[in-house]
Amino acid sequence: MRLAGHNKPHKVCMLLAVMDLIGSGVITENKIEFTDQLRQSFSKHFERLRAGDDQDSPENPFFYLTSEGFWFLQARPGYEQVKLDRYSKSKVAYAYLDAGLFGYMKSPIVSPDLRYALTQNLTNLPELYLRWAKAWGLTEQTAQQYLQLIQFRLSAMAQQAHLAVKPMTELGSWHQYEKLVTPLRELQEFKEADYQENYVLSRALGSYSDFLAELAQVDMTQDIDDILHRPGLVQTEKLALIKARMGQGVFRQQVLSRWNGCAVTGYQTPTVLVASHIKPWRHASDVERLDPNNGLMLIPNLDKAFDKGFISFDEQGGILISSRLERPEVLGINSALRLRQSLTAQQDYLAHHRSLFFANSE
């Protein structure tokens, strides 16, 4: 559905939420129930992809996706399937997918590109990138500059070097983009121009890569796949780690209990908050990944800025803001923000974050 100049994100967000629960092991069979976990995952994606006056209403796609031909509703016992009315929520036991699509969603190889394709259907990628970049605090001028570099100059450079046959904004996935960008960065023409122009070409490439990776949730998909295929872990250990990586399970509960809301703002609606690892997943041991001291409960804008190293916190809990975050006020970030509680248990983790991630964003 397209309204107010953009495609409504509800159906896409529902499918992404289902993929989240499949990836975390919550959904193991082709049976999708309308649970709080599904609602929370939907809201997480909806917050990222909404535009204008879009309303966070997961029940709508759950009951209306039947019009797409791959989403089906199963009647509760006592009700006739042929008379099932999609408006009659009390009659629906669960939803299920076309078997082939469900298989694709379970595949760690196919699912990242499927996520990307679903999100791409919301609008054209350049438009979506500009929304994403400006939501991240880039000025309109910088966002447009990066996009024009990707669409025209860098795409032309790649085509002249026979690395691509079409503009980079038409590539089908983050993986294809990175496969092209790696040799592009090695071209002498690129290196010389990048140096002369204060590395703006590299910044544009990196920004667009972050955008594509976030659409497909590449890092999370790879991390979950690593857990599933790691030898020596019993099933309960795998499930605990997967839930922690997804910001769910015991880790989330303990972090939420410890901070009693957002660690900075105090905002308390659990469905909006994100359990963020201080020492990032890729750098942490399994013990650290499950340690609630390695967690901050944050509202989404602060979580993303912290994850990217655009903000961190000093030893007294005061916020540190990277100079690369052009318009922190767009994200509700200012120098007066600070952590609300004592930091003793988090000091080592925060020191790691400051030294490796915040420092590199300066």
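Biologist: How does E140 count, at 37% relative accessibility?

Modeller: Buried means under 20% relative accessible area, exposed over 50%, and partly exposed in between (1.4 Å probe, protein chains only). At 37%, E140 is therefore partly exposed. This is a predicted model: local features need pLDDT of at least 70, side-chain atom pairs count only at pLDDT 80 or more, and totals for chains, interfaces and linings use all residues. Residues are numbered from 1 along each chain as its sequence is written, and side-chain values use heavy atoms, leaving out hydrogens and water.

Biologist: Which residue forms a salt bridge with E140?

Modeller: Side chains of opposite charge can pair when their charged atoms come close. The rule is a side-chain nitrogen of Lys or Arg within 4 Å of a carboxyl oxygen of Asp or Glu. E140 pairs with K134, closest N and O atoms 2.8 Å apart. K134 is partly exposed too, at 27%.

Biologist: How many salt bridges are there by this rule?

Modeller: Nine. One of them joins E288 and K279 at 3.2 Å, N to O. E288 is buried at 19%, and K279 is buried at 15%. Shared partners also link R230, D286 and R289 into one network.

Biologist: What follows just after α7?

Modeller: H162, with a positive phi of about 60°.

Note on methods
Helices (H or I, at least four residues) and strands (E, at least two) are DSSP runs, numbered from the N terminus.
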